[in-house]
Amino acid sequence: MVDPGIARPGNDPDEQVLVTTVDEFLAWGKENSLFYLLFATACCGIELMQTGGPRYDVDRLGMIPRATPRQADLMIVAGTITHKMASRVRTLWEQMTEPRWVVSMGSCANSGGPFSKWSYSVLNGVDKYIPVDVYIPGCPPRPEALIDGVMALRERVRKYRTLGMRDRDPHVVQGGDCAFGSHPGRDGACGPSSAAPGALAMSRGDESPRTPQSGKPAQVNGGPA
Amino acid sequence: MSTALAFAAIAEQVKSAHPSVEARESDNRQPWLLVPAADLPAVARLLRDAPALRFDSLADLTGWDLAKFPATPPSTDIAVAYYLHSLAHRHHLTLKVMAPRDAAQVPSVSGVWAVANYFEREVYDLLGVAFTGHPNLKRIMCPDDWIGHPLRKDYVYPQAYNGIAHLRDGQHFEDAPPRVGDPPPAPAAAAPAKPPVKSA
């Protein structure tokens, strides 16, 4: 017989009810299930694999690698992106469902890295093509740095409001994204006026001008390299 | 018993059939055969099919731009080099073909060694050598709509590709290579002459 007089954990109705908003509940779920796209183009990919391996084990953060962008929430751009590859990166990014997040991992994805000066073929920063949420410096960054960037991203995901878009921190996603129509509800926050001089329209049917490198993205470990 | 031939013996065989081929030697590199472009297909077939030669493997096919290269005599040609190896006889050979810069045309050897197909596409892509008779001569590394051939010494860097500016906002390099639209460079002081290197 269970003595009803003895208090047991979970018996109290107050302990079984959690009161929150739908938005916070959704954000909590998204924050803890950041499925990332298995996508790497250079040596940063080795560190990305390490991060997914048993020693660092990002599975414990709810980060499960996905082989298709349609099931991924997060794209970790790990490695050098050439001009030729950039349109493929953009295609992958377009196939991801909202809300989608991008981490630029390493110097090459941040700014072209060692290729930024003399290379004719390397894109000087993947943020020229897709909006980036978090930059991680390093060549390549260690798995600890990648996890640090992921933790910074989780803070942004926590602040993301699926329903109450007007509540969003304007710095949650850098300003360059709204020209892509990435996050509805933020149109007008920045526009064609902020487009870089000489920026051309996308040749893939996108009529909106690009606004590269605007806004204030999050920085970890002292900012983009 | 080894059936490998020394360079002199190989050169002798080739020159007896094709007198226009020249054997070149240098102190600091492998000897090579300088082949006129028009004779290349016949020379390639001879090298592959002659029983004593049997160069059945094209190990590499590459090229480079001789402009700004300290060659003697100075040249602005595009050099194309063929590195051959014989798995049957265990000997090897280097061929070189010079293509004039403005009308760089070399007969394709992809019908002799099938692997030359991709090699020649690479040389075409980066150096602009048109391989006549190639079954599928198009770019292999750069995008199909890329302008220019990047490994030519007079290549002008693009300012943008596909609407994406090449440099970041505020990024500039004083000693960077010239790009489309740059102002003409100021005349620079004469650089100290480098000792000439003996070369093709």
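**View 1. A cis proline in a loop of chain A.** Let's start with A:Pro99, which sits in the loop of chain A that runs between α4 (83-95) and β4 (101-105). This is a predicted model, and in it the peptide bond joining A:Glu98 to A:Pro99 is cis. The omega angle there is about -10°.

**View 2. A cis bond at A:Pro140.** Here the cis peptide bond links A:Cys139 with A:Pro140, and omega is about -10°. To find the spot, look in the loop of chain A between β5 (134-136) and α6. A:Pro140 is part of that loop.

**View 3. Helices α2 and α6 of chain A, side by side.** In this close-up, α2 (residues 22-31) and α6 (residues 143-159) of chain A have axes that come within 8 Å and cross at roughly 155°. With an angle over 145°, α2(A) therefore counts as roughly antiparallel to α6(A). The crossing is a right-handed one. On the α2(A) side, the residues making the contact are A:Ala27, A:Lys30 and A:Glu31, and on the α6(A) side they are A:Arg154, A:Val157 and A:Arg158. Sort the residues of this contact by class and you get four charged, two nonpolar and no polar ones.

**View 4. Chain A as a whole, for orientation.** Stepping back for a moment, chain A has six helices and six strands. Starting from the N terminus, their order is α-α-β-α-β-β-α-β-α-β-α-β. Chain A has 225 residues, and 49% of them count as buried. If you take the contacts in chain A between residues at least 6 apart in sequence, 73% of them join residues at least 24 apart.

**View 5. Helices α1 and α2 of chain B.** Now over to chain B, where α1 (residues 7-17) and α2 (residues 40-49) pack at an angle of about 135°. Their axes are 11 Å apart. That angle makes α1(B) oblique to α2(B), and the crossing is right-handed. From α1(B), the residues B:Ile10, B:Gln13, B:Val14 and B:Ala17 meet B:Val43, B:Leu46 and B:Leu47 from α2(B). This contact has six nonpolar residues, one polar residue and no charged ones.

**View 6. B:Thr94 and its surroundings.** B:Thr94 belongs to strand β5 (residues 92-99) of chain B. Its relative accessibility is 5%, so B:Thr94 counts as buried. The side chain of B:Thr94 makes a polar contact, at 3.4 Å, with the side chain of B:Gln30. Setting aside neighbours within four places in sequence, B:Thr94 touches B:Gln30, B:Pro31, B:Trp32 and B:Leu33, along with B:Tyr82 and B:Tyr83.

**View 7. B:Arg54, a residue with positive phi.** B:Arg54 is not a glycine, yet its phi is positive, at about 50°. You'll find B:Arg54 in the loop between α2 and β3 (57-65) of chain B. With a relative accessible area of 41%, B:Arg54 is partly exposed.

**View 8. B:Lys68, with a positive phi too.** B:Lys68 has a phi of about 65°, although it isn't a glycine. B:Lys68 lies in the loop of chain B between β3 and β4 (78-85). Its relative accessible area is 73%, so B:Lys68 counts as exposed.

Methods:
Residues numbered from 1 in each chain as written. Chains lettered and ligands numbered in written order. Predicted model: local features only at pLDDT ≥ 70, side-chain atom pairs only at ≥ 80, totals over all residues. Heavy atoms only, no water. Axes fitted to C-alpha atoms, helices over the stretch in contact; angles between N-to-C directions. Helix = DSSP H or I, 4+ residues; strand = E, 2+ residues; numbered from the N terminus. Parallel < 35°, antiparallel > 145°, perpendicular 65-115°, else oblique. Left-handed = near helix turned anticlockwise from the far one by under 90°. Contact = heavy atoms within 4.5 Å. Nonpolar A, V, L, I, M, F, W, Y, C, P; charged D, E, K, R; others polar. Buried < 20%, exposed > 50% of the residue type's maximum accessible area, 1.4 Å probe, protein only. Polar contact = N/O pair within 3.5 Å; in protein donor to acceptor, adjacent residues only side chain to side chain.
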